[in-house]
Amino acid sequence: MKTNYTFNSLMLLFLISLFFSCLNKPTKTVQVEKEKPVAEKKRDLENESKLDNEVINQTIQSIVDSLDKRIKINLGEDYFKYKIILIGDSIRDYGEYSVLSNEPGIILDSLNFDKKNKSKLILSNKRLGGGKELETITSANEYSDLVSHDFVNRVLLTFSSLHFNRTFDKGVFTLSFSCSLNAGCNYAAYVEKEDGKWQLKRIIESAIR
């Protein structure tokens with residue numbers, strides 16, 4: 001009887017101490033990320049779109065110059081006649097960036113690839129060197145209509161959104177180059193900001209179709 005009493009007393013003391021230790025245990029607070037207000041999200045998208053446009057507008061001459069040899073090959077004898085380069089008016093994310101990973105000086109791990117927004121490409125200057133001019137189009141049907149009656153000015157470029165590093169002074173994007181309705185190439189481009197201006201540092205062919 002005495003043994004049972006002692007055992008029960010010890011069990012009671014153990015349960016009481018366990019209860020109080022649970023009460024005093026600090027509770028772990030879970031940080032819940034607050035949802036951004038709609039106005040703030042809209043502002044972020046507008047800023048991203050503005051920056052995308054800035055980079056593309058500042059590097060487009062270098063891009064055309066880089067692709068000039070390819071354009072010459074594809075246009076053949078029409079190369080010296082063409083004056084217009086057609087530009088898709090939408091910027092959306094697509095393409096393959098892994099081709100840049102083997103390039104010295106490019107660290108893709110520092111770039112944010114979560115960006116999926118679609119925005120408009122607004123050309124700040126439609127005139128390029130060599131007497132060429134940029135002209136935006138809104139759809140594949142419009143491009144099809146244009147090239148069906150104009151066999152010279154059938155160069156089309158479309159651009160993806162840009163993916164930047166944390167300090168927004170380096171970035172990558174992809175572009176598609178078409179020289180007819182069923183032929184062209186995709187490219188991955190790497191840019192850096194130098195002295196307040198964006199410079200095209202690499203442009204590498206990633207696919208041929």
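Trainee: Hi! Which strands form a hairpin with phenylalanine 168 in the turn?
Mentor: Hi! That would be strand 5 and strand 6, with 5 residues between them. Phenylalanine 168 has a positive phi of about 55°. Do keep in mind that this is a predicted model.

Trainee: Noted. How many bridges does that pair have, and is it parallel or antiparallel?
Mentor: Strand 5 and strand 6 are antiparallel and share 2 bridges. In this part of the sheet, phenylalanine 164 sits opposite glycine 171 of strand 6.

Trainee: What about strand 6 and strand 7, how many bridges there?
Mentor: Strand 6 and strand 7 are joined by 9 bridges, again running antiparallel. One example is phenylalanine 177, whose bridge partner in strand 7 is cysteine 185.

Trainee: And how many bridges join strand 4 to strand 6?
Mentor: There are 4, and strand 4 and strand 6 run antiparallel. Phenylalanine 177 turns up here too, as the bridge partner of leucine 157.

Trainee: OK, so why is strand 6 described as largely enclosed?
Mentor: Because 8 of its 9 residues are buried, the rest of the structure largely encloses strand 6.

Trainee: Switching to the core. Which residues touch the most other members of the largest nonpolar one?
Mentor: Ile85, Ile87, Leu157, Phe159, Phe173, Leu175 and Phe177 do, in a core of 34 residues. Elements giving two or more residues to this core include strand 1 (84-91), strand 4 (155-159) and strand 6 (170-178).

Trainee: Which element gives the largest share?
Mentor: Helix 2 does, with 9 residues.

Trainee: Can we zoom in on phenylalanine 159? What is it in contact with, away from its sequence neighbours?
Mentor: Beyond four places in sequence, phenylalanine 159 contacts a list that includes Ile56, Ile60, Ile63, Ile87, Leu121, Phe173 and Leu175. Another core, of 9 residues, lies apart from the largest one, and Tyr97, Leu100, Ile106 and Ile204 are among its members.

Trainee: Next residue along, then. Where is serine 160 found, and is it buried or exposed?
Mentor: Serine 160 is in the loop between strand 4 and strand 5. With a relative accessible area of 0%, serine 160 counts as buried.

Trainee: What does its side chain reach, then?
Mentor: The serine 160 side chain reaches the backbone nitrogen of threonine 174 at 2.9 Å. A polar contact also links it to the side chain of tyrosine 97, at 3.4 Å.

Trainee: Which other residues is serine 160 in contact with, leaving aside those within four places in sequence?
Mentor: Among them are Ile56, Ile91, Arg92, Asp93, Tyr94 and Phe173.

Terms used:
Residues are numbered from 1 along each chain as its sequence is written. This is a predicted model: local features need pLDDT of at least 70, side-chain atom pairs count only at pLDDT 80 or more; totals for chains, interfaces and linings use all residues. Side-chain values use heavy atoms; hydrogens and water are left out. A nonpolar core is a set of buried Ala, Val, Leu, Ile, Met, Phe, Trp, Tyr and Cys residues joined through side-chain atoms within 4.5 Å. Buried means under 20% relative accessible area, exposed over 50%, partly exposed in between (1.4 Å probe, protein chains only). Contact means heavy atoms within 4.5 Å. A polar contact is a pair of N or O atoms within 3.5 Å; within protein, one must be able to donate a hydrogen and the other to accept it, and residues adjacent in sequence count only if both atoms are side-chain atoms. Two strands pair if DSSP finds at least two bridges between them.
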